[in-house]
Amino acid sequence: MTARLLDGAALGREIRAEVADRVRELAGSGRVPGLAVVLVGEDPASQVYVRSKGKACGEAGMHSETIRLPATASEGELLAVIDRLNADPAIHGMLVQLPLPRQINSEKVLRRIDPAKDVDGFHPVNVGKLVLGDPTAFRPATPYGVQQMLVRSGIETKGAHAVIVGRSTIVGRPMANLLMQDGPGGNATVTVCHSRSRDLPGITRTADILIVAIGKPEFVTGDMVQPGAVVVDVGINRVDDAASPRGYRLAGDVAFAEVAERASAITPVPGGVGPMTIAMLLRNTLQAMEQADAR
Ligand code: NDP
């Protein structure tokens, strides 16, 4: 392997420690940031994410609550929980773990969250603020984490051609917005690709920074990457693996071994973007409390 490893676990710890320092300072004046996570149903991956969010909050000295509803919960029941959390002064940020069961309209649920508590940044008000470059926007944690990883690893985005593969509202679109903004971790020339893009390998080979978020294990191969590119793999996929005690292993969207031979820097999976996402969620919750205090 020739590429430098971008260690999201270490960078995530660094950011969580910064958040914890600030939380300690604020505790002196009796203020404690609070995050509520709402989980509907028993999706195993969602349960893992929710547990790690609660644990990370505790370690940072924050208050956290997990509200669990059964998979059969109605939309009305979930909206009532959101209304209660919107009104709760101890809760500064909240998120509803996606995906939601089929009987619930996710759009309606995300729009019910008070934009001032929408630490996932999925409410249209925060999406709009992000596009406008308003610093009070909550930046969706995963692309925000990728941007912080680039900045803190000394990777220059200014003037670089950043190619993002995937246009989801959770990763690809906000990632494009963050990278095209004027400021640190921005000023890139951004191309966004998706399943209808013609000649994807031809486009990815022009990337100085290649960010992949498509949900297809090891889809990006070495021949799709320009020598010396920085490659960020957002994908987290469970791949059957009889040799693993769990029966599966985690794989990214990038064929790590062969891409690491061409790239100058690359994120591992796990231990890359995942830990950054949780760190940025804590930072957003702190931002939510500080903005609430300033109002
Ligand atoms: P979505 O399924 O919402 O979006 C996938 C995107 O990839 C779509 O825009 C789709 O295009 C595009 N796509 C799919 N196939 C291809 C293809 N063959 N060529 C080009 N584009 C393609 O996924 P998410 O953005 O939610 O998640 C992507 C991955 O990132 C998943 O593995 C997920 O688990 C992971 N993830 C990781 C997080 C973390 O914390 N590390 C957080 C969030 C997600 P189209 O729009 O045309 O259908």
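Predicted model: local features only at pLDDT ≥ 70, side-chain atom pairs only at ≥ 80, totals over all residues.
Val-48 is partly exposed, with a relative accessible area of 40%, and this residue belongs to helix 2.

- Three strands form an open sheet in the order 3-2-4, and their pairing is parallel.
- The edges are taken by strand 3 (63-69) and strand 4 (93-96), each of which pairs on one side only, while the twist from one strand to the next averages 15°.
- Strand 2, which covers residues 34-40, pairs with strand 4 in the parallel sense over 4 bridges, and Leu-35 has Gly-93 in strand 4 as its bridge partner.

**Helices against the sheet**

- Helix 3, made of residues 75-87, lies across strand 2, strand 3 and strand 4 and runs at about 165° to strand 3.

**A salt bridge between helices**

- Side chains of opposite charge can pair when their charged atoms come close.
- Arg-16 and Glu-59 form a salt bridge through their side chains, at 3.5 Å from N to O.
- Because Arg-16 lies in helix 1 (residues 8-27) and Glu-59 in helix 2, this pair ties together parts that are 43 residues apart in sequence.
- Arg-16 counts as partly exposed at 22% relative accessibility, and Glu-59 also counts as partly exposed, at 48%.

- The side chains of Arg-24 and Asp-21 meet at 2.6 Å, N to O, in a salt bridge, and both residues lie in helix 1, 3 residues apart, which is about one turn of the helix.
- In that pair, Arg-24 is exposed, with a relative accessible area of 56%, whereas Asp-21 counts as partly exposed at 41% relative accessibility.
- A salt bridge at 2.6 Å, N to O, also joins the side chains of Arg-22 and Glu-25, which both lie in helix 1 with a spacing of 3 residues, about one turn of the helix.
- Here Arg-22 counts as partly exposed at 31% relative accessibility, whereas Glu-25 counts as exposed at 53%.

**A salt-bridge network**

- Glu-14, Glu-18 and Arg-152 are linked to one another in a network of salt bridges.

Key: Residues numbered from 1 in each chain as written. Heavy atoms only, no water. Pairing = 2+ DSSP bridges. Helix = DSSP H or I, 4+ residues; strand = E, 2+ residues; numbered from the N terminus. Axes fitted to C-alpha atoms, helices over the stretch in contact; angles between N-to-C directions. Contact = heavy atoms within 4.5 Å. Buried < 20%, exposed > 50% of the residue type's maximum accessible area, 1.4 Å probe, protein only. Salt bridge = Lys/Arg side-chain N within 4 Å of Asp/Glu carboxyl O.
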